[in-house]
Amino acid sequence: MPKSSTSFYTSNMSLASLDRAKDFVKGSLKALNIGSSMEHRMECEQPILESSSSKSSVSSEQLQGWTPLLVLTGVATTLGSSIPVGYNIGVMNTPAHIIREFCNETVAARYGINMGPSQLNILWSIIVSIFLVGGVTGSLSGGWVADRFGRKGAVVINNILGILGAILFVSSRHAGSVEMLLLARLVVGLSSGLVTSTIPMYLTEIAPLSIRGAMGVLCPLGLTVGVLVAQILGLQSVLGQQETWHYLLGLFALLTLLSMVALPFLPESPKYLYIVRGQEEKGIKELSRLRGVALEQLEEELEGLRAAHKAEQELAANGVSWNMGTVARAPSLRLPLMLVCALQAGQQCSGINAVFYYSVTIFESAGLSNQGSQYASIGAGGVNLLITIIAIPLVNRFGRRPLALASCWSAAVCLVILCISITYINAVSWMPYFCIFAVLSYVFCYGFGLGPIPYFIGSELFLVGPRPVAMSFGSMANWGGNFIVGMTFPSVQSMIGQYSFLLFAASTVLLALFLKYYLPESKGRDPCDIAEMLKYGLRSQINVIPSASKLSRHRNSSVCAPDTASMSSRHRRISDIKNPDSLVLEIPSPLSPAEVFANSSVLGSPAAIIQHNNSYTNLPAIPELPGKNTTLSSNISEPIINDTTSPMSIHPVLSMPRIMPSIPENLAGASSRLEEVLSVTQKSDEADEQGNKRDNL
């Protein structure tokens, strides 16, 4: 605690000390003719706060919830962008044998080459994996696209790419072209990579703080829905047939076209417009449209936008620009970047795709037919969808850190149990059903943490400037992990069988240990606070909250500008406080007579008082002055002794005019009252008498 000030907190003060603190403040107010109570102070300030604070308090509930435009944006991006990604991930599994026959016949007819099983396997592996290559490429370009064309522009681009890919899918069978099929998979991969790197960022940037987590879950929710829909439509009884497989691959375009109807009405991210592009007027209008309130009710969020924009301008003036090189090399961004990439890659290395791949075999071992096993696999996808829906309120209620850790540990345990149960699947009659239970349990544990959180955690760990690049790195790690698992799992599974799940369990445990020591809780917190906490890299201490003075310093710096999404929750004005006695006050130490006289010229006029105090509406944090005295903290908790040799023999009230905020109706007589107080300070007898009166109170 600084020697120049003492903080009074009602939660840990003794009753006697609290009463003396209240009397100290009230006596100071009375000495300045401001009033005998805090209520009078608030009445005096009401005209000043009428245009901002009162309106802010009226709209506080509106600013923290869903609005029609937010709902429209969430639905449109989920239908047109997120669901198609999941659809393209899962659509190739069920009709695989039909598409392989098409490729074999097409190559033989066009090139006269009769492919053997190994050559056909290589071609099929290329068709499957080129989608992941496109995903990695799209992720790498996501940051550039989001900054160059905007968050909304990125939505338009990935929708156009998706429709182009669907057209190529449908045309490939009619044209008899394997090349067209390959190109279609590459294009939808590019679109998918753009989606996973830009959509979560877009949704979390436009959301108010209270529903930021829920908006972030919408993207992984769409992915889960897409995989499930692809599994259902890929059944042989639906579209998984030789005559309709090409329509199956391109059917997602209907959702994209439907969502594009809403594109003209979707908002651009106010943070992007105001901070990145410098289009202040457009950013303010979009923020007003998103929140559904007038501009006058958004003063607090606008203050945050201005501060962040100023910080970005200072960085630009110093030649700092955020690209993949600068973000990767910045020491202060190293740990949050490692967290984002570890979560995204760890999600894939937890084995979710391998479990779904193995699920049909497990269900067949339990005695189900091939068709029944497919339905059971769809049921596992339904469980994944259900828990993802449940995760929307969970991430807002319990936070990101506990859910991520619980998901990692429980998923690792389920993988070990699954390995053991598969090993002894024929030992006991009920063991196959226990294997089914292990699969469903793993899907459940994966779904509430490892599934949704990695997609949007980057938006909460990074500031607006480096955020797009960081999200691109994370998305690239996700697609890269998917590619590695997809290419290596069949070989590993053929060598060690079910013990391959132990590798996934070990990977998940390592991720849990890393998150335990380095992942801070980001729920309801300003990314600026998180950046300050993680800037020391692996030496960062996530359980140590920076002091208020330290936070205020780094929020005003160009390195760490405040994130506007949480500004409204951080600032409280006096007119919003129902119990003024519960205020947290920073009260500077009293001044000695010499200090009072030496600095009396500073307050020689009402204008000087205003300039010195900076603001007469900020009572909860009275500004500190150059005069330092360390005796107040000890004397507040102990009776004041009338010792003329002690600085405390001068009553604290007599030094308050220099530091108390001024209000308009007292300015006219400020100079005369100051002279009155200074003359009284020379009369030690009167000061002693006033000190005795305060002790009696």
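Trainee: Which residues make the nonpolar surface patch of about 780 Å²?

Mentor: Keep in mind that this is a predicted model. Helices α20, α23 (467–496) and α24 (500–518) are the elements that give two or more residues to the patch. The members are Val416, Ile420, Tyr424, Met495, Ile496, Tyr499, Leu502 and Leu503.

Trainee: Leu503 then: is it buried or exposed?

Mentor: Leu503 has its place in helix α24. Exposed means over 50% relative accessible area. Leu503 comes out at 52%, so it counts as exposed.

Trainee: And Arg467, buried or exposed?

Mentor: Arg467 is found in helix α23, and its side chain reaches the backbone oxygen of Phe462 at 2.9 Å. The cut-off for buried is under 20% relative accessible area. With a value of 2%, Arg467 is therefore buried.

Trainee: Which residues are linked with Arg467 in a network of salt bridges?

Mentor: Side chains of opposite charge can pair when their charged atoms come close. The structure holds nine salt bridges. In the network, Arg467 is linked with Asp147, Arg151 and Glu205.

Trainee: Which residue forms a salt bridge with Glu460?

Mentor: The closest N and O atoms of this pair are 2.6 Å apart. The pair links distant parts of the chain, with Glu460 in helix α22 (residues 453–461) and its partner in helix α20 (residues 400–423), 60 residues apart. Glu460 is buried, and so is the partner, which is Arg400.

Trainee: How many residues apart are Arg110 and Glu179?

Mentor: Their side chains meet in a salt bridge, at 3.7 Å from N to O. Arg110 sits in helix α6 (residues 96–111) and Glu179 in helix α9 (residues 178–206), so the bridge links distant parts of the chain.

Trainee: Which helix holds both Glu281 and Lys285?

Mentor: The side chains of Glu281 and Lys285 meet in a salt bridge at 3.4 Å, N to O. Both residues are exposed. They lie four residues apart, about one turn of the helix, and that helix is α14 (residues 280–291).

Trainee: What is Phe501 in contact with, leaving aside its neighbours within four places in sequence?

Mentor: Contact here means heavy atoms within 4.5 Å. With those sequence neighbours set aside, the list for Phe501 is Ala354, Val355, Tyr358, Leu415, Leu418, Cys419 and Ile422.

Trainee: Last one: of the 697 residues, what percentage counts as buried?

Mentor: The protein has 33 helices and two strands, and it exposes about 29600 Å², of which carbon and sulfur atoms supply 61%. Of the contacts with a separation of 6 or more, 82% are between residues 24 or more positions apart. The buried share of the residues is 54%.

Note on methods. Residues numbered from 1 in each chain as written. Predicted model: local features only at pLDDT ≥ 70, side-chain atom pairs only at ≥ 80, totals over all residues. Heavy atoms only, no water. Salt bridge = Lys/Arg side-chain N within 4 Å of Asp/Glu carboxyl O. Buried < 20%, exposed > 50% of the residue type's maximum accessible area, 1.4 Å probe, protein only. Areas by Shrake-Rupley, 256 points an atom, 1.4 Å probe, with all protein chains shown as cover. Patch = residues over 30% accessible without salt bridge, like charges linked within 9 Å, V, L, I, M, F, W, Y side chains within 5 Å. Polar contact = N/O pair within 3.5 Å; in protein donor to acceptor, adjacent residues only side chain to side chain.
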